[in-house]
Amino acid sequence: MSQVVVLVVEDENVVAMDIKGRLEKMGYEVPETANTCKEAIQKVLEVKPDIILMDIVLKGDTDGIETAARINDLFDIPIIFITAYSNDEIIQRAKKTVPYGYLTKPFEDRELNSMIEISLYKHEMEKKLRESEEKYRRVVERFLKLSNEIIHDINEK
């Protein structure tokens, strides 16, 4: 099995490097970090991460919640919010992006690892469900087409 690639989006470089180091000790690959919305989207294109850890407060005009929404519009990558903020307003905004998790800093390695593993599993199961639904849709469409052809042939006779 290939190594899981994680993109850390965090505006404080010291914190980003700490999280990167902790993830690498857990066996994850963290080739890049980003600290702005624009940089995060650019790194997603370059790195093609399996999962993103997104801080809510980022440098620039766009925060992590808006960045997550933009990434969700463009890519199918699970996002976990990591933040020091947990007030109701932020949680209400964050949940609209349908994150796979929300960790409040400081967090333990065990919590982080569990959240990543559960998020990756959930994402994989959702992907399989979408594929299954698409396969079922195609079968039903073929059945309906064939049924219509049979009915048409019967009516022609």
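**View 1. Accessible surface of the predicted model.** Of the 157 residues, 36% count as buried (under 20% relative accessible area; exposed is over 50%, partly exposed in between; 1.4 Å probe, protein chains only). This is a predicted model: local features need pLDDT of at least 70, side-chain atom pairs count only at pLDDT 80 or more, and totals for chains, interfaces and linings use all residues. Residues are numbered from 1 along each chain as its sequence is written, and side-chain values use heavy atoms, with hydrogens and water left out.

**View 2. Fold and overall extent.** Five helices and five strands make up the secondary structure (DSSP runs numbered from the N terminus: helices H or I, at least four residues; strands E, at least two). Their order along the sequence is β-α-β-α-β-α-β-α-β-α. The radius of gyration is 21 Å, well over the 15 Å from the globule rule for 157 residues, so the protein is more spread out than a compact globule (C-alpha atoms; the rule is 2.2 Å times the number of residues to the power 0.38). The C-alpha trace spans about 80 × 35 × 30 Å along its principal axes.

**View 3. Glutamate 117 in helix H5.** Helix H5 covers residues 109–156 and contains glutamate 117. Glutamate 117 is partly exposed, at 40% relative accessible area. Its C-alpha atom is 47 Å from that of asparagine 148, 31 residues away along the chain.

**View 4. Lysine 122 and tyrosine 100.** The charged end of lysine 122 sits over the ring of tyrosine 100, 5.4 Å from the ring centre (NZ of Lys or CZ of Arg within 6 Å of the centre and within 35 degrees of the ring normal).
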